[in-house]
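This briefing concerns the contact between two chains and selected details around it. Please examine the sequence and structure below before reading on.

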Amino acid sequence: MMVSSSAYLILSATIFTIGVLGFLVRRNVLVMFMSIELMLNAVNLAFVALSRQLGSLDGQVVVFLVMTVAAAEAAVGLAIIICLFRNKKSVNVDDFNLMKW
Amino acid sequence: MTYQLLLPQIFLFLWAILIFIIDFVRKEKKHNLAYVALLGIVITTVLVLTSQKGELFGGMFQADSFSAYFNLIFLLTGFLTIASSVEFTQRLPSNKGEYFGLILLSMVGMMFLASAGDLLTLYVSLELTTIPLFVLASYRKDEFKSTEAGLKYLILGGISSALLLFGISLIYGLTGTTFLTEVRTTLIVRFLSTGNVGPALVLGFIFMIAGFGFKLALVPFHMWVPDVYEGAPTPITAFLSVASKATGIAAFLRVFFHAFLIFQVDWVMLMAVLAALAMIIGNIIALLQTNIKRMLAYSSIAQIGYILLGVVAASSRGVSSVAFYTFVYLFANMGAFITAIAFSHKTGSDEIKDYAGLSRRSPALAAMMAVFMLSLVGIPPLAGFMGKYYLFSAAIEQRYIWLVVIAILTSVISLYYYLNVVRQMYFQTSTEESPILMGAALKTALLICVIGVLLLGIYPNIFLNFANQAAMVFHY
């Protein structure tokens, strides 16, 4: 049975929303970071589904680059989180409040 | 294919790698790599000025007068940033060389972005721009404030690129291509044959504007700006406030003016509201700030609101006024930040009240700071006045009277906090008498900024001609 593209797109939109909600609700930096990855992967799913529907390969090329960039971003992000943890012994964003307007 | 078009980018990239290698290999760490980096930027500037126009990879990479104009903005900002970082890096405990390599890499990303003719190039170069900046913002890794700034920038940067990508995926789904020119023709064909393009396009606009909004620090997406600006090392704050914003502007113009100008009814009103919000909220919160870096952060949010006036006008004159004002903003804002760098090197303070009596301690520095502040307000005959004049007239031409009224009223509000700095320097006294001493590189950078502010105010035509040429790239 062929699953229609719209099903994939709805799934992708749902995962993206879960990512946004997770980012807004959770207070743990690592979980917030995972939520961002979830959003990026939702976009990847949308690209692959659209690529199949449109019969063009552009979407799949985009996915490879998005994955590469996300990996680079995760490497830098985790390094910064380690630095923060060394300074503060915490990964809770509520503790990172040295600056407030 | 003529890869010659890519020469400035390739050269700067190799130069950045060279700096990493020198830093890794050398044993004596006493020489400063800043001058090597500055040499690389000067050579790249010559390459940009002598480069040809054309396109590569079927239009993915566009080398035209628009990209040349913005490349010069990025190179000049990078030059001023590196010149003002010399003393900062001397005080770093370790990793002195990588700092310059990362700035150059970020500039390579910006230069690619100004030439992006494809949504994929745009995304990848945007990430190449921001990932080094995450590292740079948290460069004082032993300081909690700096790492906190880095983390905040990273998380908001990640969210913004996810939103931008979601917008891109909608546009891709609608048109089946990521090339901006093809996106444009496909959308026009669909619009002419069916009469409307559907809600997915508007949704794509909203997601992409939200994505760019984080980069540009538009008002609902500006929460990260003051914290990152305060926590990051001051030279990096200066770089963020000018180069990163110019990148956002270049990317926005590339996408929305290249591909979506025909559908401007769907997004211009949204941008007008965002511009009004940026001007009102940026200026009002700036009134309350006591730290100069936070004050400049909110002022930069307000300045983006003024720049958006030209975007909202959606005309050739609008784009050229945006390009011109970006140059004006570069000189005035970099100058203000460089003064803050010199001041905090000597005193260790970023508080505005500590600027009291600066006119007696260092008359030249105080006079230059006053020039930058007055230029940011837009007092004639300084550059800020000419820049705002062109922006406002472009908006009035397209009948956005209400927006210009808001812009003028908020400019009056901004007088208060900009002149507060001048008041502290000239009319308050302090017991401190020692002058603020600066190194040669910092002095040169300041001098370039002052000359730029005066030159653009008195002879705007030199740069305006270039800005007009840059604006010709788009079809209106």
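The term pLDDT denotes the predictor's confidence in each residue, from 0 to 100. This is a predicted model, in which local features need pLDDT of at least 70 and side-chain atom pairs count only at pLDDT 80 or more, while totals for chains, interfaces and linings use all residues. Side-chain values use heavy atoms, with hydrogens and water left out, residues are numbered from 1 along each chain as its sequence is written, and chains are lettered from A.

**Confidence in chain A**

- Chain A has a mean pLDDT of 87, with 94% of its residues at 70 or more.
- Within chain A, helix 2 (residues 29-54) has the highest confidence, a mean of 92, and helix 3 (residues 58-88) the lowest, at 90; helices (H or I, at least four residues) are DSSP runs, numbered from the N terminus.

**Interface of chain B and chain A**

- Contact (heavy atoms within 4.5 Å) involves 42 residues of chain B and 41 residues of chain A.
- About 3,600 Å² is buried between the two chains, 80% of it on carbon and sulfur atoms; buried area is the accessible area (1.4 Å probe) that two parts lose on being put together, summed over both.
- On the side of chain B, the most area is lost by B:Phe144, B:Leu151 and B:Tyr172, together 19% of what that side buries.
- Helix 5 (119-137), helix 6 (144-175), helix 9 (224-231) and helix 12 (292-313) of chain B each give two or more residues to this side.
- Helix 6 of chain B supplies the largest share, 21 residues.

**B:Thr147**

- B:Thr147 lies in helix 6 of chain B.
- B:Thr147 counts as buried because its relative accessibility is 0%, the cut-off being under 20% relative accessible area (1.4 Å probe, protein chains only).
- The side chains of B:Thr147 and A:Asn87 form a polar contact of 3.3 Å.
- Beyond its neighbours within four places in sequence, B:Thr147 has contacts including A:Ile80, A:Cys83, A:Leu84 and B:Arg140.

**Helix 9 of chain B**

- Eight of the eight residues of helix 9 of chain B are buried, among them B:Trp224 and B:Tyr229.
- The cover over these residues includes helix 6, helix 8 (199-216), helix 10 (234-258) and helix 12 of chain B.

Note on methods:
Buried < 20%, exposed > 50% of the residue type's maximum accessible area, 1.4 Å probe, protein only. Polar contact = N/O pair within 3.5 Å; in protein donor to acceptor, adjacent residues only side chain to side chain.
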